[in-house]
Amino acid sequence: MADYIGAIDQGTTSTRFIIFDRSGRIVAQAQKEHEQIYPQPGWVEHDPQEIWFRTQQVIGEAMQQAAIRPADLAAVGITNQRETTIVWDRKSGQAICNALVWQDTRVAGEVERLSREGGGDRFRARTGLPLATYFSALKLQWILDNIPDAHARAGNGDLLFGTVDSFLVWHLTGGSNAGIHITDVTNASRTQLMNLQRLAWDAELLQTFNIPASVLPTICSSSEVYGSAKPELIAGVPIGGILGDQQAALVGQACFTPGEAKNTYGTGCFLLMNTGQRLVQSKCGLITTVGYKFGQEELVYAIEGSVAITGALVQWVRDNFGLIRNSADIEALARTVDDNGGVYIVPAFSGLFAPYWKSSARGVITGLTRYANKAHFARAILEATAFQTREVVEAMENDSGIPIQLLRADGGMVENDLLMQFQADILNREVVRPRVKETTALGAAYAAGLATGFFKNTEELRSQWVVDRTWRPQMPDGPRNEKYRLWKKAVERSFDWLD
């Protein structure tokens with residue numbers, strides 16, 4: 001009997017393969033970064049072939065690290081950066097251009113045009129999503145319109161589209177030799193092409209975006225056996241789960257009851273609340289999305305607040321300015337001062353996502369005086385994450401009518417104690433970190449394990465969720481309210497920077 005379950009976690013900056021045992025404990029893991037490509041301002045790309053290469057590398061390293069054979073794995077689940085758009089040749093398996101990353105803003109002009117014609121919420125009732133550069137449909141449209149012969153080749157059935165999950169599953173299950181072209185409902189719900197109620201591609205939307213149906217993957221549940229892996233390292237292992245990264249974290253945090261919510265602190269911040277079978281149309285700048293669907297069970301919806309730039313702000317000052325050598329150094333630098341020195345940083349590099357959805361916004365730094373130094377900048381960088389999270393929490397509570405009593409936190413930034421304490425302070429509620437912090441990969445492993453009987457049910461998964469640390473608010477109301485007031489003032493300064 002297989003004793004382990006594997007998860008491919010393909011993120012914005014790196015790819016990991018993590019192997020878990022039945023208790024959800026990590027047995028082995030490997031990670032590789034991939035190149036971030038910026039051809040011009042606002043354009044963000046990845047090389048899909050590099051991502052596939054890195055995926056094979058990390059699988060091999062983790063399997064070797066724990067001396068695990070394919071027969072020891074019950075299944076493999078996949079979780080992925082969402083909305084990132086890939087188009088590849090059905091015969092060669094080669095992408096016809098670099099992947100357009102979710103942060104990419106090159107379609108901003110088309111967002112403006114469509115908004116003028118029918119309003120920014122013209123597709124929200126069907127897709128749960130506002131018009132924004134974030135989602136896949138306009139990225140796919142751009143590729144088909146701008147890569148030579150792409151539209152004709154797509155119409156002839158020679159090209160395939162997918163988010164990263166689709167690209168990886170296709171390669172894992174054989175590629176040009178009968179590879180399976182699928183996606184799951186969570187990833188499909190982020191394309192702005194799927195009808196949220198029918199869970200099917202919407203013909204009218206395909207016509208609006210001028211996308212031929214022949215390029216689209218088949219939509220499946222988040223937990224079922226889709227096929228078997230072909231690469232030698234995991235040959236014959238069932239591919240049994242697919243979840244977009246934030247939905248995977250919702251599952252990994254065991255948020256199986258309506259009203260339970262989690263926030264993932266990664267490249268961006270993503271707060272999701274389980275709303276059960278209730279499809280909540282947001283009035284406060286959030287989006288409606290699929291939470292998960294396990295096999296034949298009823299689909300679970302969620303509402304989400306997406307913040308584009310949080311951890312990426314730390315990487316930006318590290319890579320572009322050399323303020324710190326490693327991302328983890330930001331905390332020690334920030335701790336050398338007691339506050340932000342009046343400095344506020346609004347990282348609207350790709351416009352503002354939730355709750356504003358302003359693609360014309362751009363990043364600003366406000367409150368500068370001669371007193372400000374690099375430590376104040378470091379503090380302001382961390383505080384920007386917490387302020388943006390509070391805005392989303394307030395919107396979510398208004399939309400759902402459900403108070404968030406405590407915030408379940410995961411992702412790379414939860415190791416930063418200064419940030420987590422400030423988050424509890426500015427929210428005025430508890431923030432908790434689970435014992436297993438790799439909740440995104442864990443959620444994908446859970447989905448694959450449920451599909452193959454490795455895990456019995458969600459109650460078994462819930463029993464594995466254990467708190468590692470809790471941060472409680474310590475800041476008085478006066479300073480809390482004043483800091484948040486100045487943050488909101490700084491955000492307003494970022495509006496409408498682009499004409």
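The report below moves from the overall fold to the ring pairs and the charges over rings.

This is a predicted model, in which local features need pLDDT of at least 70 and side-chain atom pairs count only at pLDDT 80 or more, while totals for chains, interfaces and linings use all residues. Residues are numbered from 1 along each chain as its sequence is written, and side-chain values use heavy atoms, with hydrogens and water left out.

The chain has 16 helices and 23 strands, taken as DSSP runs (helices H or I, at least four residues; strands E, at least two) and numbered from the N terminus. Buried residues make up 62% of its 499 residues, where buried means under 20% relative accessible area, exposed over 50% and partly exposed in between, with a 1.4 Å probe and protein chains only.

The structure holds 22 aromatic pairs, that is, rings of Phe, Tyr and Trp (its six-membered ring) with centres within 6.5 Å; planes under 30 degrees apart count as stacked, over 60 as edge-to-face and the rest as tilted. Two of these pairs are tabulated here.

| Pair | Centre to centre | Between planes | Class |
|---|---|---|---|
| F123 and F209 | 5.5 Å | 55° | tilted |
| Y134 and F135 | 4.8 Å | 35° | tilted |

F123, in the loop between α2 (108-118) and α3 (124-127), and F209, in helix α8 (residues 203-209), are 86 residues apart, so that their pair links distant parts of the chain. Both F123 and F209 are buried, and Y134 and F135 are buried as well. Ring pairs also join Y134 and F135 with W102, F270, F353 and W357 in a cluster.

The charged end of R82 sits over the ring of F270, 5.4 Å from its centre, and that of K358 over the ring of F495, at 4.8 Å; this requires NZ of Lys or CZ of Arg within 6 Å of the ring centre and within 35 degrees of the ring normal.
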